[in-house]
Amino acid sequence: MARSGERSALAFDFGTKSIGVAIGQELTGSAKPLAAIKAQDGIPNWQTLEELLKLWQPDLLVIGLPLNMDGTEQDLTNRAKKFANRLHGRFGYPIAMQDERLTTVDAKEKLFELGGYKALEKGAIDSLAAALIFESWCVEQY
């Protein structure tokens with residue numbers, strides 16, 4: 001396993017229909033959006049997730065924690081925690097949870113700037129949100 005500050009991570013923007021995924025590097029504090037994974041009521045295709053983990057071989061997983069604007073928890077908060085626990089239980093990776101407030105809004109703004117309304121595809125938004133979750137996690141770590 002890489003040392004703290006040099007690790008790679010898969011970051012996730014949890015949703016009930018789509019889970020955004022990004023690969024990030026602590027060293028640069030940046031992340032690249034990957035394809036979003038379809039989910040059914042918050043349950044992903046675990047085989048697809050396993051393939052991503054084998055392909056990227058991250059050192060840890062960063063999962064967005066959906067909170068209300070005032071910092072309180074919502075229904076989706078517990079579902080995201082459950083998703084994180086299942087990832088850890090199935091694959092054994094260290095898990096970090098990161099406040100994801102406004103990442104989807106930021107992702108939409110960035111995509112709109114780059115390509116207008118045509119760029120606002122759900123999977124692209126979710127995966128860019130996952131990248132932003134990782135980047136905000138890095139900022140808080142260092």
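## Overall layout

Helices are DSSP runs of H or I with at least four residues, and strands are DSSP runs of E with at least two, numbered from the N terminus. By that definition, the protein holds four helices and seven strands. The model is a predicted one. Along the sequence, the elements come in the pattern β-β-β-β-β-α-β-α-β-α-α.

The protein has 142 residues, and 45% of them are buried.

## Helix α2

Helix α2 contains 17 residues. From its first C-alpha to its last, α2 reaches 25 Å, which is close to the 24 Å expected at 1.5 Å a residue.

Which residues of α2 are buried? They are Thr77, Ala80, Phe83, Ala84 and Leu87. These residues lie on the same side of α2 because they cover an arc of only 125° around the axis. Asp75, Asn85, Gly89 and Arg90 are exposed on the other side of α2. The buried residues of α2 pack against the strands β1 (8–13), β2 (18–25), β5 (43–44), β6 and β7 (95–99), and against helix α1. After α2 comes Gly92, which has a positive phi near 80°.

## How α1 meets α2

Two packed helices are described by the angle between their axes and the distance between the axes. For α1 (residues 46–56) and α2, the axes come within 12 Å and cross at roughly 65°. The crossing of α1 past α2 is right-handed.

On the α1 side, the contact is made by Trp46, Leu49, Glu50 and Leu53. On the α2 side, the partners are Phe83, Arg86, Leu87, Arg90 and Phe91. The residues of this contact comprise six nonpolar, no polar and three charged.

## Two loop residues with positive phi

Most residues other than glycine have a negative phi, and most peptide bonds are trans. Asp41 is not a glycine, yet its phi is positive, at about 55°. Asp41 sits in the loop between β4 (37–40) and β5. Asp41 counts as exposed because its relative accessibility is 56%, and the cut-off for exposed is over 50%.

Gln57 also belongs to a loop, the one between α1 and β6. The phi of Gln57 is positive, near 45°, in a residue other than glycine. Its relative accessible area is 60%, so Gln57 is exposed.

Is Glu100 buried or exposed? Glu100 has a relative accessible area of 11%, so it is buried; the cut-off for buried is under 20%. Glu100 is part of the loop between β7 and α3 (103–115). Leaving out residues up to four places away in sequence, Glu100 touches Asp13, Phe14, Gly64, Leu65, Pro66 and Ile133.

Asn68 occupies the loop between β6 (60–65) and α2 (75–91). Asn68 counts as partly exposed because its relative accessibility is 29%. Its contacts, not counting residues up to four places away in sequence, are Glu73, Gln74 and Arg101. Asn68 and Asp99 are 31 residues apart along the chain, and their C-alpha atoms are separated by 9.9 Å.

Note on methods. Residues are numbered from 1 along each chain as its sequence is written. This is a predicted model: local features need pLDDT of at least 70, side-chain atom pairs count only at pLDDT 80 or more; totals for chains, interfaces and linings use all residues. Side-chain values use heavy atoms; hydrogens and water are left out. Buried means under 20% relative accessible area, exposed over 50%, partly exposed in between (1.4 Å probe, protein chains only). Contact means heavy atoms within 4.5 Å. Axes are lines fitted to C-alpha atoms, for helices over the stretch in contact, and angles run from 0 to 180 degrees between N-to-C directions. A crossing is left-handed if the near helix is turned anticlockwise from the far one by less than a right angle, and right-handed if clockwise. Ala, Val, Leu, Ile, Met, Phe, Trp, Tyr, Cys and Pro count as nonpolar, Asp, Glu, Lys and Arg as charged, and the others, Gly among them, as polar. The expected span of a helix is 1.5 Å times one less than its number of residues. The arc is that of the directions from the helix axis to the C-beta atoms.
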